[in-house]
Amino acid sequence: MIPESRRLELSPRHPAFVQDPYGAYATIHRRGGLLWWAEYGHWCAFDHRTVSALLRDRRFGREVLHVATREQLGWEEVPAHLKPFYDVDGSTMLEREPPVHTRLRGLVNRAFVSRQIERLRPEIEALAHRLIDAVEAGRRMELIEQFATPIPVAVIAGLLGVPVAEAPRLLDWSHRMVAMYRFGRTRADEDAAVAATAEFVRFLRDLLAERRAVPGEDLISTLLAARDGSDRLSEDELVGTCILLLNAGHEATVHAIGNGMLSWLRSERDPAACFADPARTEATVEEMLRHDTPLHLFTRYALEPLMLPDGAGGEARFAVGDRIGLVLGAANRDPAVFAEPDRFDPDRERRPHASFGGGIHFCIGAPLARLEMQVALPILVRRLPGLRLAEEPRFADSFHFRGLERLELEWGS
């Protein structure tokens, strides 16, 4: 029985919460770090200390069926209509634990180390300038579609070796698949995600066949070569890895750019100060990521029976297979760690935010996302002086992701 004092009843789809979850998080912080979120049906951690610790706690994992069977957990089989989606989703490193996770991440990680990512700087710079060239004279742009989306899509597609001309299809597949993680998804959402998965898989199997015949200097060719060596990747693992990298490689970055620019614009900070040099730009980007992260909830399973302090003098009990939610967006606004957490302030004392997770599942694309923002945003604000909101923006009803539907901007006198 969960005490009433530890229960949180809050719909992630309530219109006020969708537009601004941070008021609710501020109230939650006063109640202690761990609450039972009734709408989700499991415990969630909201404070920075607990979230940071649990991201690294090996008693929790992204999968649990390696330590218990569905029968032991009392779980039903995956519904037949969803199996094609979960077969692909479950093959990715994000959903696996060691030793499988270690092998998959090790093969991919070599392409995402900072020295490899830094080579993409000229490409990102050129793309940012081309996108601004296309809108500069009109003195108005919709940032999400015309700037925030094309950059990460083109970069991750190029890194993997997927033709950039396929971007519209990649975006369509990605949006339909990501809808599976939204709170309150419908059967229509599920059917659309499964159809997108099937289309994406067919596309990638054809592309893998092409790269086997004629390898290139891209990540897909690298992964194919590794598959033939001592670190074998199955065909399903190859497909799942490519889908994960293509989807994750742009979805979060698109909204990190959109959310970050909105935070910055509303703060009315001087662009000359915020983007004066690489160090100031880095500080501004990190504050953007802290202030309004695109990923708010990351869930894990208990791998053994355990108890956690709830932050209010009690304990939360977990059996094997019980879920816990780590609310990254709330951790980033914890007043115990960040003074005046709702204030956008690149000059604040630098403390680690939770936007990229932590532990073995720390976001593998973090160096790339940071580089894209650090390169593209100074170009944007420098070339479009007087940048400001043209309309009041709205956030999409898509928790646990947080992103704008549109961000209409204008500039000039």
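Me: Which residues line the largest cavity?

Reply: This is a predicted model, in which local features need pLDDT of at least 70 and side-chain atom pairs count only at pLDDT 80 or more, while totals for chains, interfaces and linings use all residues. Residues are numbered from 1 along each chain as its sequence is written, and side-chain values use heavy atoms, with hydrogens and water left out. The largest cavity is lined by F17, V18, P21, F395, A396, S398, F399, F401 and R402. A cavity here is a set of points on a 1 Å grid over the protein atoms alone where a 1.4 Å probe fits but cannot get out, and lining residues have an atom within 4 Å of a point.

Me: And what volume does the largest cavity have?

Reply: The largest cavity holds about 70 Å³ of space, a volume being the space filled by probe spheres set on the grid points, which are joined across faces, edges and corners. By class its lining has seven nonpolar, one polar and one charged residues, where Ala, Val, Leu, Ile, Met, Phe, Trp, Tyr, Cys and Pro count as nonpolar, Asp, Glu, Lys and Arg as charged, and the others, Gly among them, as polar.

Me: How many cavities of 30 Å³ or more are there?

Reply: There are two, and the second largest cavity has a volume of about 50 Å³. Its lining consists of V153, I156, L170, S174, F200, L246, N247 and H250, which divide into five nonpolar, three polar and no charged.

Me: Switching to packing, at what angle do α10 and α14 pack?

Reply: The angle is about 155°, with the axes 9 Å apart; axes are lines fitted to C-alpha atoms, for helices over the stretch in contact, and angles run from 0 to 180 degrees between N-to-C directions. The two helices, α10 and α14, are therefore roughly antiparallel to each other, a label for angles over 145 degrees.

Me: What about α12 and α14, how do their axes cross?

Reply: The axes of α12 (residues 187-213) and α14 come within 10 Å and cross at roughly 110°, so α12 and α14 are roughly perpendicular to each other, the class for 65 to 115 degrees.

Conventions
On a 1 Å grid over the protein atoms alone, a cavity is a set of points where a 1.4 Å probe fits but cannot get out, and a pocket is an open set with protein on both sides within 12 Å along at least five of seven lines; lining residues have an atom within 4 Å of a point. Helices (H or I, at least four residues) and strands (E, at least two) are DSSP runs, numbered from the N terminus. Angles under 35 degrees count as roughly parallel, over 145 as roughly antiparallel, 65 to 115 as roughly perpendicular and the rest as oblique.
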